[in-house]
Amino acid sequence: MSTTIPPTHPASKPPPDAPVIELKEVGSAIRSRAHDIDIDQGSKPSMAPTSPIPRSKFHLDTNKIRMLSALYTATVLGLNDGSLGSQIPLIQQTYFGGNSKSGYGLASLIFLTNTVGYLLAAMCCGSLVLKIDLPRTLVIGAASYTVGYSFLSAAPPFGVLVFGYVFIGFGGGILNAGLSTYIASFDSTKRMSLFHSMYGVGAVIAPLISIGFTDGHIKFNYYYMILLGLSVINIVQLYFSFRAYSQNAITASATTVSPSMKATLKKKVVWITAVFLLMYVGAEITIGGWIVDYLTTVRHGEPGRMRYVAAGFWGGIALGRFLLAIPTVWLGEKLAVIIYLLVTIAAEFVVWFVPSLIPSAVMLGIIGFALGPLFPASLSLVVHYLPVSYHATAIGFAVSFGFVGAATFPLMTGEIAGVRGVQVLEPIIVALCVGMLCVWLFMPKDTKGARED
């Protein structure tokens, strides 16, 4: 209905050439303007293109819900990676009749197919975030994880089991990269450290659960039934917590400059971070995947108790990411990472050359503690050096490429162990740590002043 101002008084009549203002048109314009205003519940107010809008309680709660959602996902990811050290001997026993040398090589095919999945994630994660948005990208990653666990929980023939790890690698790469991209939008070292700390918590719990399976002579696939259920929950909670998320924090300048993967890969810091994470994740998963075999075979430990040592390694990673977050900021990421790597190398030499079980167990906890903050520290520097429009493709590529190391180096270790024995673990880990140190020296020094935590 159109309503005009009635001419009840001569003064109320508009001039001859003046347009008649209709309330219908005014209301329509107001509604149109309100529709155009995008209040991004997942980004920082400083990035919003509109005038400042007071934060509501719902806005704050929404951010907390998404962060809790990310922490749950990180825990599920840790439950997978932290279980490899305990599950591989069970898989070897199921399919190959024990820890035979042929079992080392064939079981390491798990890491090979994992590599394929992570490579696929590295190639497409950043593009998925920019083209179909972050929420749907996360759901795709969680769904892929669920498909992989559907294969594994059925205890299929070995070839089918190995194929299932393609989906697990792809889903893990997408979820790690996608959620790291989201958390990077806050430019907060503390948030990034907390997220990756929960990954360590999941990795601590995993071998403890596996101990119960081993002691109870329960088939390995029942563990993956648990992860299958947790992954289904993960799909649902990621969908509902991120479905209204607006990507202004990730693509604030992507509306004018949308960097392609080719443009992103021209950035020096992207390649330094990617290669560094390739070796870091490779060292982390190789230790977690083979340490039980190493301590059992080389140090003659009791298999059940050695899984507690593996849990201690992952516990060190979780504590290191949580407790060293502030010292890392104080020292600066460049110097802090150098110190942590030197501590790791020294502790690795103790495990390698001191032929005693107890010092090895203690040093593994220290190694985990020193390695813990390296992952979030490297991503923090990427956030500082690159414009926000590059974050989705840069972090997506660096994290996914880094997790290729989660499959490549454990695979290489398994193949060599099949010929030379599992004692090759320690020289391989020392070589990876030295390689990380060399690559990190090329990282530019952080010159950013105040940080927003």
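## Lys267 and its surroundings

Leaving aside neighbours within four places in sequence, Lys267 is in contact with Leu386 and Tyr390, where contact means heavy atoms within 4.5 Å. You will find Lys267 in the loop between α10 (261–264) and α11. Helices here (H or I, at least four residues) and strands (E, at least two) are DSSP runs, numbered from the N terminus.

Lys267 counts as partly exposed because its relative accessibility is 30%. For these labels, buried means under 20% relative accessible area, exposed over 50%, and partly exposed in between (1.4 Å probe, protein chains only). The C-alpha atoms of Lys267 and Ala394 are separated by 8.7 Å, although the two residues are 127 apart along the chain.

## About the model

This is a predicted model, in which local features need pLDDT of at least 70 and side-chain atom pairs count only at pLDDT 80 or more, while totals for chains, interfaces and linings use all residues. Residues are numbered from 1 along each chain as its sequence is written, and side-chain values use heavy atoms, with hydrogens and water left out.

## The overall picture

The protein has 19 helices and 0 strands. Of its 453 residues, 55% are buried. Among contacts with a separation of 6 or more, 83% are between residues 24 or more positions apart.

## The nonpolar core

The largest nonpolar core has 123 residues, and those with the most contacts inside it are Phe276, Ile291, Leu374 and Met436. Helix α11 (residues 268–297) gives the largest share of this core, 18 residues. A nonpolar core is a set of buried Ala, Val, Leu, Ile, Met, Phe, Trp, Tyr and Cys residues joined through side-chain atoms within 4.5 Å.

To look at one of these residues, start with Ile291: not counting residues up to four places away in sequence, Ile291 touches Thr286, Ala310, Leu364 and Leu425.

## How α11 meets α17

Helix α11 and helix α17 (residues 391–402) pack at an angle of about 30°, with their axes 7 Å apart. On the α11 side, the contact includes Val270, Trp271 and Leu278, and on the α17 side it includes Ala394, Phe397 and Gly402. The axes are lines fitted to C-alpha atoms, for helices over the stretch in contact, and angles run from 0 to 180 degrees between N-to-C directions.

The two helices, α11 and α17, are therefore roughly parallel to each other. Angles under 35 degrees count as roughly parallel, over 145 as roughly antiparallel, 65 to 115 as roughly perpendicular and the rest as oblique.

## Aromatic pairs

The structure holds 19 aromatic pairs. One of them joins Tyr199 and Trp314 edge-to-face, at 6.1 Å centre to centre with 75° between the planes. This pair links distant parts of the chain, with Tyr199 in helix α8 (residues 189–215) and Trp314 in helix α12 (residues 303–323), 115 residues apart. Both Tyr199 and Trp314 are buried. By contrast, the rings of Trp352 and Phe353 are stacked, because their centres are 4.6 Å apart and their planes lie at 20°.

Rings of Phe, Tyr and Trp (its six-membered ring) pair if their centres lie within 6.5 Å; planes under 30 degrees apart count as stacked, over 60 as edge-to-face and the rest as tilted. Trp352 is partly exposed, with a relative accessible area of 30%, and Phe353 is exposed, at 52%. Ring pairs also link Tyr145, Tyr149, Phe220, Tyr223 and Tyr224 into a cluster.
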